[in-house]
Amino acid sequence: MIDVASALKYLHHGYSTVVVHSDLKPSNVLLDERLVGHVSDFGLAKLLGEGESIDHTKTLATMGYIAPGLVSRRCDVYSYGIMLMETFTRKKPYDKMFQENLSMRSWVCSSLYATPEDIIDAALLEPEEIDFKKNLRCASSMMELALNLHS
């Protein structure tokens with residue numbers, strides 16, 4: 001996820017023309033032999049001048065990962081937050097449990113502060129491990145970061 005964040009920083013701030021990926025999701029992140037993440041599939045990418053945005057209705061993207069509103073840097077940041085949530089919960093944003101009034105974001109938000117161990121993937125947290133509380137705090141802080149990317 002650090003590699004993806006670095007790639008977004010480069011796309012959003014590396015040139016005078018902003019590159020908005022517009023379809024950031026796990027299947028568009030490739031891992032090399034050293035497990036370094038590389039953002040791929042720029043088929044829906046948009047080039048924006050400073051302060052420019054594009055009407056969302058003109059943009060195709062994968063449901064669950066695209067932010068509502070205009071295409072801008074914030075859309076990629078929103079998608080990154082969804083990917084962080086997906087990484088730590090092992091739930092897809094389009095999972096059948098997310099219907100009507102329950103979204104991945106609202107589920108994480110309502111559960112994180114009450115019972116974070118119920119939403120964070122059990123494979124990441126082993127209660128009998130010596131550093132369980134430390135690992136839980138670390139995973140919870142990553143989830144808080146993901147939620148803050150959506151505000």
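This is a predicted model: local features need pLDDT of at least 70, side-chain atom pairs count only at pLDDT 80 or more; totals for chains, interfaces and linings use all residues.

**Exercise 1.** Locate K46 and determine which side chain of opposite charge is nearest to K46.

Solution. Start with the secondary structure: K46 belongs to strand β4, residues 46-48. K46 is buried. The nearest side chain of opposite charge is that of D23, 10.0 Å away. A salt bridge needs a distance within 4 Å, so K46 has none.

**Exercise 2.** Find which residues touch the most other members of the largest nonpolar core, and which element gives the largest share.

Solution. The core has 31 residues, and those touching the most other members are V4, L24, M85, V108, I119, I120 and M143. Two or more residues come from each of α1 (2-13), α2 (73-89), α3 (104-112) and α5 (132-148). The largest share, eight residues, is from α2. Now take M143: leaving out residues up to four places away in sequence, M143 touches L84, M85, F88, T89, V108, L112, I119 and I120.

**Exercise 3.** Classify the aromatic pair of Y10 and Y15, and state whether Y15 is buried or exposed.

Solution. The whole structure holds two aromatic pairs. In the pair of Y10 and Y15, the centres lie 5.7 Å apart and the planes make an angle of 70°. An angle over 60 degrees counts as edge-to-face, so the pair is edge-to-face. For accessibility, the cut-off for exposed is over 50%. Y15, at 52%, is therefore exposed, whereas Y10, at 48%, is partly exposed.

Terms used
Residues are numbered from 1 along each chain as its sequence is written. Side-chain values use heavy atoms; hydrogens and water are left out. Helices (H or I, at least four residues) and strands (E, at least two) are DSSP runs, numbered from the N terminus. Buried means under 20% relative accessible area, exposed over 50%, partly exposed in between (1.4 Å probe, protein chains only). Lys and Arg count as positive and Asp and Glu as negative; His and the chain ends are not counted. A nonpolar core is a set of buried Ala, Val, Leu, Ile, Met, Phe, Trp, Tyr and Cys residues joined through side-chain atoms within 4.5 Å. Contact means heavy atoms within 4.5 Å. Rings of Phe, Tyr and Trp (its six-membered ring) pair if their centres lie within 6.5 Å; planes under 30 degrees apart count as stacked, over 60 as edge-to-face and the rest as tilted.
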